[in-house]
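Here is a short briefing to read alongside the model. Please have the sequence and the 3D view open as you go through the points.

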Amino acid sequence: MIQTIITHKCSRCESTNIVKNGHNKCSNQQYYCKACGAHRVLEPKQKYKQEDKETILQTYKERANLRGSERIFDISRITVLAWLREYVQKLPTLRETLLPVVPDDVLELDEMYSFVFKKENKNWIGTAISRKHRQIVAFVIGDRSEAICKRLWKRLPLAYRSLHTFSDFWQAYQNVFPKETHRSVGKESGETAHMERWYNTLRQRLGRFVRKTLSFSKSDVYHHIVLKWFVTEYNMEQSLLTI
Ligand SMILES: [Zn+2]
């Protein structure tokens, strides 16, 4: 018979005076060190490789939810969110993803309802899409006020501000966007169809934007981070299609 005896040590103080101390949420054995008081995982898993991280994040962008990732990959959702945060910080800015403006392009504007934590906490998403490039030129998150509409206008790169714009009949658009280039139209005109269609894509891909599900944002920070991630990568994909 071959027997192997392993003596575990505290990863902080190297003491062997440690005892088992329950399991964490991912069912990993934890210990308590009587010498230094540390509570840690007994046998930490190997660190994830960059490509594994990207695969797990990618599944999240295909309607998997964070708890689903926890179950499938046996990984804490806190860790996935930390990766996401780090990943989004390294992405280019939205402006850097935009293709050069084409003079006869048109911007379609619209707003979509979403909420954070509870339905009463409405977080409208306002967006402008380029009809030629199918890229999101600017987006904002906030209440449905004129101020948010102004923010959307200010976020448009200067080169895009001279383009013709179409929106629904929400008064704020008429107050903020220049009268010479802006037109308010009904949905039946089809002039905002690309923007409306994009919201379907967003809802199809990210569970937290789907109505009447248990997937929803619990914090404003991640509501913004996830949308920024989706929009930026969407724009990058669109620019590759155009080349
Ligand atoms: Zn210790």
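## Around helix H5

The buried residues of helix H5 are covered by elements that include strand S4 (106-112), strand S5 (124-130), strand S6 (136-142) and helix H6 (171-176). Before going further, please keep in mind that this is a predicted model, in which local features need pLDDT of at least 70 and side-chain atom pairs count only at pLDDT 80 or more, while totals for chains, interfaces and linings use all residues. Residues are numbered from 1 along each chain as its sequence is written, and side-chain values use heavy atoms, with hydrogens and water left out.

**Helix H5 and its buried side**

- Helices (H or I, at least four residues) and strands (E, at least two) are DSSP runs, numbered from the N terminus.
- Helix H5 spans residues 146-155, and its buried residues are Ile 148, Cys 149, Leu 152 and Trp 153. They lie on the same side of H5, because the arc they cover around the axis is only 150 degrees; the arc is that of the directions from the helix axis to the C-beta atoms.
- An α-helix has 3.6 residues a turn, so residues three or four places apart point the same way.
- Here, buried means under 20% relative accessible area, exposed means over 50%, and partly exposed is in between (1.4 Å probe, protein chains only).

**The zinc site**

- Which residues hold the zinc ion? The ion is coordinated by the SG atoms of Cys 10, Cys 13, Cys 33 and Cys 36, at 2.2 to 2.3 Å.
- Donors are N, O and S atoms within 2.8 Å of the metal (3.2 Å for Na, K and Ca); water is not among the atoms, so sites may look incomplete.
- The angles among the four donor atoms are 104 to 113 degrees, and the site is tetrahedral. Four donors count as tetrahedral if all angles lie between 85 and 135 degrees.
- For four tetrahedral donors, the ideal angle at a metal is 109.5 degrees.
- Along the chain, the donors of the zinc ion follow the spacing C-x2-C-x19-C-x2-C.
- Is Cys 10 buried or exposed? Cys 10 is buried at 1% relative accessibility, whereas Cys 13 is partly exposed at 33% and Cys 36 is partly exposed at 26%.
- The count of disulfides (pairs of cysteine sulfur atoms within 2.5 Å) comes to zero.

**Salt bridges**

- A salt bridge is a side-chain nitrogen of Lys or Arg within 4 Å of a carboxyl oxygen of Asp or Glu. By this rule there are nine salt bridges.
- Arg 131 pairs with Glu 108 in a salt bridge, with the closest N and O atoms 2.7 Å apart. Arg 131 lies in the loop between S5 and S6 and Glu 108 in strand S4, so this pair ties together parts that are 23 residues apart in sequence.
- Glu 108 is buried at 0% relative accessibility, while Arg 131 is partly exposed at 23%. A network of salt bridges links Glu 108, Arg 131 and Glu 191.
- Asp 110 and Lys 187 also meet through their side chains in a salt bridge (3.9 Å, N to O). Asp 110 belongs to strand S4 and Lys 187 to the loop between strand S8 (182-184) and helix H7 (193-205), so parts 77 residues apart in sequence are tied together.
- Asp 110 is buried at 4% relative accessibility, and Lys 187 is exposed at 53%.
- Glu 86 and Lys 90 form a salt bridge with the closest N and O atoms 3.5 Å apart. Glu 86 is partly exposed at 36%, and Lys 90 is exposed at 65%.

**Two further residues to look at**

- His 164 is in strand S7 (residues 164-167) and is partly exposed, with a relative accessible area of 44%.
- The C-alpha atoms of His 164 and Val 106 are separated by 5.1 Å, although these residues are 58 apart along the chain.
- Leaving aside neighbours within four places in sequence, His 164 is in contact (heavy atoms within 4.5 Å) with Asp 105, Val 106, Leu 107, Glu 180 and Thr 181.
- Gln 238 is found in helix H8 (residues 220-242) and is buried, at 13% relative accessibility. With neighbours within four places in sequence left aside, Gln 238 is in contact with His 133, Arg 134 and Gln 135.

Key: Four donors count as tetrahedral if all angles lie between 85 and 135 degrees; four count as square planar and six as octahedral if opposite donors are over 155 degrees apart and all others between 65 and 115; anything else is irregular.
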